[in-house]
Amino acid sequence: MASVFITCRQAHALLSGQCDGALNWRQRLRLRIHLLGCDACAIVRRNLALLSRAVHALDQRMGG
Amino acid sequence: MAISFKRDEPGSGPAGTAPAGGAGPSGDAAQGIAALQPMLLRLARLQLRNEAWAEDAVAETLLAAVEGLRTFDQRSQLRTWVVGILKHKIIDQFRRGSREVSLEAEEELRDGDDLGELFQADGHRVSQPSAWGDPEQSLARVEFFTVLQACLDQLPAPLARAFLLREWMDFTTADICKELQVTSTNCFVMLYRARMRLRECLETRWFAGDGSKDHG
């Protein structure tokens, strides 16, 4: 059985998948465990959330 | 591309000048639509990543908007309404160019980099990401969106297409796979690469630089 502990690299891919609502329960569980102990990935998660909000607002906030 | 809306009166000024008089609400709206042209073109370029397709999509949008003005609900925002039309015209362009779009996506998936430089062999990050501070401050700044556009522009075309279909057009990943004619796995790979590249770019060009603090 694969470890419940994943690397940051794997966690980054899951964070992206989470933005697309594409994770199954096992992936969600591993990501949650990883985020408990990893500040870097927690930051990346917030970064991606801001990126998403910004792109949604792109046509409203774009100059011109 | 130059599209202007000529008025009936002889001797009226070029499009963009104030009407001498006699222009009803629809005249004002037509002027308003014409004024959106540069913004529409920038959006179309970002999403389509093909100059000719972008110009065609915007031309079709302007025409459809002017012809459909009667159906425009005056209480809603003109900009939002026209951008909604643009999104449909962009999809039409994707379908016309589907062969090229799918070939470029295949190429990116075959030759594109896998972000290896971001991670060490053991899967840890090479550099620590930085917390981006108060998101509201950045989202309130027009300059932030200029940097975001530059970062989107730097992405390989297939990644930008996939990412904007997802995050700007609100497509499901299933629909993105269909438009770009890639497998579901490859679709996630492209979205992942796009997000990581954009994150790095924003961090370097906005959050780490002075950009986010210039007018703080």
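User: What makes a residue of chain A count as buried, and what share of the 64 residues is that?

Analyst: A residue is buried if 20 or more other C-beta atoms, placed from the backbone, lie within 10 Å of its own; 12 or fewer makes it exposed, and in between it is partly exposed. By that count, buried residues make up 30% of the 64 in chain A. Bear in mind that this is a predicted model, where local features need pLDDT of at least 70 and side-chain atom pairs count only at pLDDT 80 or more, while totals for chains, interfaces and linings use all residues. Residues are numbered from 1 along each chain as its sequence is written, and chains are lettered from A and ligands numbered from 1 in the order in which they are written.

User: How many helices and strands does chain A have?

Analyst: Helices are DSSP runs of H or I with at least four residues, strands are E runs of at least two, and numbering starts at the N terminus. Chain A has four helices and zero strands, so the pattern along the sequence reads α-α-α-α.

User: Why is chain A called more spread out than a compact globule?

Analyst: The globule rule is 2.2 Å times the number of residues to the power 0.38, and the radius of gyration is taken over C-alpha atoms. For 64 residues the rule gives 11 Å, and chain A comes in at 14 Å, well over that, so it is more spread out. Its C-alpha atoms fill a box of roughly 55 × 25 × 15 Å along the principal axes.

User: What counts as contact between chains A and B, and how many residues take part?

Analyst: Two residues are in contact if their C-beta atoms, placed from the backbone, lie within 7 Å. On that basis 30 residues of chain A are in contact with 31 of chain B. The largest share of chain A's side, 12 residues, comes from α3(A).
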